[in-house]
Amino acid sequence: LEVVFVGLGYIGLPTAVVMANHGVRVHGVDVNASAVERIQRGEVTIVEPGLEEQLKKAIDSGQLTATTEMQHGDAFVIAVPTPFKENYEGDLSYILSAAESIAPQLRGDETVILESTSPPRTTQTLARKIMELRPDLSLDGEDGKPVVYFAYCPERILPGKALEELISNDRIIGGSTPEAARRAKEVYASFCQGELLATDDVTAELSKLTENSFRDVNIAFANELSLIADTLGIDVWELIELANHHPRVNILQPGPGVGGHCIAVDPWFIVAADRENSRLIRTAREVNDGKPKWVISKVEEACSHVESPVIAALGLAFKANIDDLRESPAMNITKDLAEHVSHATVLAVEPNVKELPKALQGLGNVEFAEFQDAIERADVVLLLVDHDEFKALPATALKGKAVVDTRGLWR
Ligand code: SAJ
């Protein structure tokens, strides 16, 4: 089996590496020439525990090669970004350009698998595009033309646990025909120890979006409770812990908002697919997106008694123990605070990065600080990310300071 990966990012690279180390001949293709060069040298381009070692093994054994040029394979796995445009529609341009580069390689009998998180029916759009470019091929063998098979197989790995979850998670295999699903299953059976669950392509697409919407709605429930608890003057974390003792209740944790590239985006694809009937999903998005503003108002309140307040903003990443600052509510809150409370000094603390991120560099009242130093200098301590480093803090360290703990880390 020879598999070509199109896109060597957060999903494509770990998957290509794991597949290669399970005996599949894998070619990775990416438009980013410098990333390809680094990968060829065995250097990782994304932070993921254990990946570097596995990548080296795959490159050294010759099972994995990386280039910028498309080539032929028995199967193609597309793992390119689907950013989101105005109107909450997905931007399919990366998928369509993958289609353009794959089309000339096809001879018939190949399987084209889409892994990118996509709006419902994108696999059909992809198949249509390839059929337009290659009228000599078909989806079902009509007029005796060679067949190309299409499937949607979403990735569900948790950043930080990618290598483990790639192998152990169950996988949905959405074939555009039952034969396409059967062929796609063979590709994943090479390394996946979880169940391979066959269905149609549209159900598979919506399943991916549904999983992330489920999490978003449940986080929104926790975030809404945090506002209500604040109004009533009670501790929301104690409330949730107690409620979760009920055998059928399992509430998630409130925080400063929802970040990352998936959970805060995917629900909008469902909303765009059926605006009229997606009221709960949309409201959950709005509740989670509204949380940073509420956090800022709490900090402003805490600052109102201090003449030139020093605010320690603890954590910039989008969740605990990672270095990923993209789509991070902690980052946005820190930036907005510096802009809105212009008489304050904001001490930005992020143990997982080495310097003040670019987005904060232009602001005159933001400094990059060490954890202990920031705590000592601060009038107001704002906990944004529950990094392990922040957990251990002697109770006396916060004495006399106003504390806004968005994660309940120090309760
Ligand atoms: N968060 C909370 N409270 C919680 C849990 C999370 O506020 O109780 C926040 C986090 O701090 C973060 C955001 O939600 O800002 C998202 O973090 P996450 O750990 O829930 O998820 P991601 O974005 O790292 O990964 C998700 C996962 N999806 C699900 O758990 C349903 C992962 O399995 C998917 O593969 C990934 O999205 C993806 O790529 O779609």
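Analyst: Strand β1 (residues 2-6) and strand β4 (residues 75-78) are paired in the parallel sense over four bridges. Strands are DSSP runs of E of at least two residues, helices are runs of H or I of at least four residues, and both are numbered from the N terminus. Two strands count as paired if DSSP finds at least two bridges between them.

User: Which residue of β4 stands opposite Val3?

Analyst: Val3 has Ala75 of β4 opposite.

User: Before we go on, what kind of model is this, and how are residues numbered?

Analyst: This is a predicted model, in which local features need pLDDT of at least 70 and side-chain atom pairs count only at pLDDT 80 or more, while totals for chains, interfaces and linings use all residues. Residues are numbered from 1 along each chain as its sequence is written.

User: In what order do the eight strands of the open sheet come?

Analyst: The order is β3-β2-β1-β4-β5-β6-β7-β8, with mixed pairing. Strands β3 (64-67) and β8 (196-200) are at the edges with a single partner strand each, so one side of each has no neighbour in the sheet. From one strand to the next, the twist averages 25 degrees. Angles run from 0 to 180 degrees between N-to-C directions, and axes are lines fitted to C-alpha atoms, for helices over the stretch in contact.

User: Which strands does helix α1 lie across?

Analyst: Helix α1 (residues 12-20) lies across β1, β2 (25-29) and β3, and runs at about 160 degrees to β2. Helix α7 (residues 178-189) also packs on the sheet, where the strands it touches include β5 (111-114) and β6 (149-152). Contact here means that the C-beta atoms of two residues, placed from the backbone, lie within 7 Å.

User: Now the five-strand sheet: what is its order?

Analyst: That open sheet has the order β11-β10-β9-β12-β13, and its pairing is parallel. Since β11 (366-368) and β13 (402-405) stand at the edges with a single partner strand each, one side of each is left without a neighbour in the sheet. The twist averages 20 degrees from one strand to the next.

User: Which strands does helix α11 touch?

Analyst: Helix α11 (residues 279-303) touches β9, β12 and β13, and its direction makes about 175 degrees with that of β13. Helix α12 (residues 329-340) lies across β9, β10 (345-349) and β11, at about 165 degrees to β10.

User: How do β9 and β12 pair?

Analyst: Strand β9 (residues 310-314) and strand β12 (residues 380-383) pair in the parallel sense over four bridges. Ala312 stands opposite Val381 in β12.
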